[in-house]
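Hi,

Here is the structure I said I would pass on. Have a look at it, and my notes come after.

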Amino acid sequence: MKTLIKRLAALVLIVGIAAAAVITYNGYQLYKKAVSQVPVIDKITEIQEKSHYTSYDQLPRTYIEAVISAEDRRFFRHGGFDPLATARAAWHNIQAGSLIEGGSTITQQLAKNMYFYQEKEFTRKVAELFVAHDLESLCEKKTLFELYVNSIYFGSGYYTVYDAAHGYFGKDPADMNDYESTLLAGIPNAPSVYAPTVNPKLAEERRQQVLECMVENGYIKEGEMQDTDS
């Protein structure tokens with residue numbers, strides 16, 4: 001019986017390794033095809049040439065801290081892939097019995113926005129990693145952050161932080177107060193749900209989640225920015 005169990009375990013391991021190899025190969029091929037059509041540097045330039053491109057220095061500190069807390073708490077410490085975040089997301093998915101978290105870094109999300117579809121699939125995730133590696137090699141972290149906020153969807157037809165700030169608050173990103181900064185930081189997680197023009201109540205609930213993340217990451221203390229600047 002023990003021998004049979006060992007053989008089955010070995011078979012499962014072999015199948016798992018083979019499957020991982022196939023997924024990695026297919027992901028690499030997807031990556032190569034994408035960057036051969038449009039090189040990563042050209043994609044970067046395309047984003048930077050957008051009208052009203054907003055630089056890192058034009059963003060409120062609270063907004064930057066809120067986005068990092070909500071999306072990628074180790075952004076300034078990893079090289080484009082965060083194994084701790086991936087493991088945490090995998091554990092949460094197992095507990096939930098469904099794929100509720102992706103564990104993607106800001107750099108991976110930027111890679112997806114540049115090249116790949118939104119569907120959650122393993123081949124695309126591998127391709128994202130290769131593009132993320134290229135991005136980390138080409139850009140400083142501050143540049144990656146600004147590329148990200150100038151290319152993500154904020155709901156209501158707004159695809160840049162500038163458009164979102166003007167559309168929701170009628171002001172430049174640099175002029176957003178703490179309340180607006182933390183509200184905006186939570187929207188890209190699910191724009192069709194958290195856009196304040198769609199459901200103000202859910203937008204505020206998401207903002208509270210962002211604040212909790214900021215507390216966990218030491219950017220603010222418990223209770224700060226709860227009722228101010230609204």
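First, the ground rules. This is a predicted model, so local features need pLDDT of at least 70 and side-chain atom pairs count only at pLDDT 80 or more, while totals for chains, interfaces and linings use all residues. Residues are numbered from 1 along each chain as its sequence is written, and side-chain values use heavy atoms, with hydrogens and water left out.

The second largest pocket comes out at about 210 Å³. A pocket here is an open set of points on a 1 Å grid over the protein atoms alone, where a 1.4 Å probe fits, with protein on both sides within 12 Å along at least five of seven lines; lining residues have an atom within 4 Å of a point. The volume is the space filled by probe spheres set on the points, which are joined across faces, edges and corners. Helix 1 (residues 2-37) gives the most to this lining, with four residues; helices are DSSP runs (H or I, at least four residues) numbered from the N terminus. The lining includes Leu-30, Lys-33, Tyr-115, Phe-116 and Arg-124. By class it has six nonpolar, one polar and three charged residues (Ala, Val, Leu, Ile, Met, Phe, Trp, Tyr, Cys and Pro are nonpolar, Asp, Glu, Lys and Arg charged, the others, Gly among them, polar).

Now the helices. Helix 3 (residues 61-71) and helix 7 (residues 141-149) have axes that come within 12 Å and cross at roughly 85° (axes are lines fitted to C-alpha atoms over the stretch in contact, and angles run from 0 to 180 degrees between N-to-C directions). That makes the two roughly perpendicular (65 to 115 degrees; under 35 is roughly parallel).

The crossing is right-handed (the near helix is turned clockwise from the far one by less than a right angle). Five nonpolar, three polar and one charged residue make up this contact.

Lastly, helix 2 (residues 40-48) packs on helix 6 (residues 122-138) at about 70°, axes 10 Å apart. Val-40, Ile-41 and Ile-44 of helix 2 meet Val-131, Asp-134, Leu-135 and Leu-138 of helix 6.

Cheers

Key: Parallel < 35°, antiparallel > 145°, perpendicular 65-115°, else oblique. Contact = heavy atoms within 4.5 Å.
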